[in-house]
Amino acid sequence: FAQLGAESEWRVANTKSIKETADQLGVELRFLDAQQKQDKQIEAVRKLIIQKVDVIGISPIVETGWEEVFREAKAAGIPIILSDRRAAVPEDLYATYLGSDFLEEGRNAGRVLAKLVNGEAKIVELVGTVGSAPANDRFKGFREIIKNYPGMKIIDSESGDFTRARGKEVMDTFLKQYGKTITAVYAHNDDMALGAIQAIENYGLKPGVDIKIVSIDASHGAFEAMIAGKLNATVECNPLLGPQFFDLALKVVNGDIVPKWVPSREGIFYPDNAAEILPGRKY
Ligand code: AHR
């Protein structure tokens, strides 16, 4: 499995789910972490090809730049399963994509925010890793919805690379530049929202009250922030893909027909029942 890194709470849960499921099933797993670098991830795929594994799972860090190495895997007779993130390659270069509908997550974030602010907001956006499938689609889906609300304006948008530290840094800069003009934050993931919450508090404003915040993932940290009244909603993106991943891997190796996209099931969560739901959450 060529994992892209360990940039967020989500990713850590995703890796854990893959490793734990492999252990439970007694599958021999070669796991490589690309530390958020595409060249390292390409190198990882090449290593797995040389090792003649049966199937390669990968969460591609960005959408483009995969065709050559996927062709090498195909030539070696090793099927590729895209897990969590899509890659922009012809369909014959991968067996299936297991993961979320990132476009719909972006739309849901737009719907939730529009309701929260009654269609009136000056929004700053914390974008995920530039060129990644979730950042591209969450950017697009959100705009599809808010274009219907003339009172909702995105005043700035910048990448926080899906990390808490960058989310905070970018929010610090936004606050320096726009101050109290900002009334809402749309963060492409919870980690960046949690970073933004710190920045807003340091600036002397109340996150979730003075500035409404909507993010994506539904991680533990987000639930805790909702319970504390600092985050207004989180749209779920499910990282627990291990069981479905190995189920698909087995089918692919056995030559069974699998759908080209296996979507994960996801919801939306709000502060009102966050305390009740949190103990049952696995990530
Ligand atoms: O690809 C899924 C995204 O990647 C998650 O939303 C984010 O937290 C992670 O880093």
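In which loop is the place of Asp-161? Select Asp-161 and you will find the loop between strand 7 (152–159) and helix 6 (164–178), where helices (H or I, at least four residues) and strands (E, at least two) are DSSP runs numbered from the N terminus. This is a predicted model in which local features need pLDDT of at least 70 and side-chain atom pairs count only at pLDDT 80 or more, while totals for chains, interfaces and linings use all residues. Residues are numbered from 1 along each chain as its sequence is written, and side-chain values use heavy atoms, with hydrogens and water left out.

Most residues other than glycine have a negative phi. Asp-161, however, has a positive phi near 55°, and at 28% relative accessibility it counts as partly exposed (buried is under 20% relative accessible area, exposed over 50%, partly exposed in between, with a 1.4 Å probe and protein chains only).

Select Lys-52 next, in the loop between helix 2 (38–50) and strand 3 (56–58); Lys-52 is not a glycine, yet its phi is positive at about 55°, and with a relative accessible area of 70% Lys-52 is exposed.

Finally, select helix 7 (residues 190–203) together with helix 8 (residues 220–227), whose axes come within 9 Å and cross at roughly 40°. That angle makes helix 7 oblique to helix 8, since angles under 35 degrees count as roughly parallel, over 145 as roughly antiparallel, 65 to 115 as roughly perpendicular and the rest as oblique. Show the side chains as well: Asp-190, Leu-194 and Ile-197 in helix 7 meet Gly-221, Ala-222 and Ala-225 in helix 8, contact meaning heavy atoms within 4.5 Å.

Technical notes: Axes fitted to C-alpha atoms, helices over the stretch in contact; angles between N-to-C directions.
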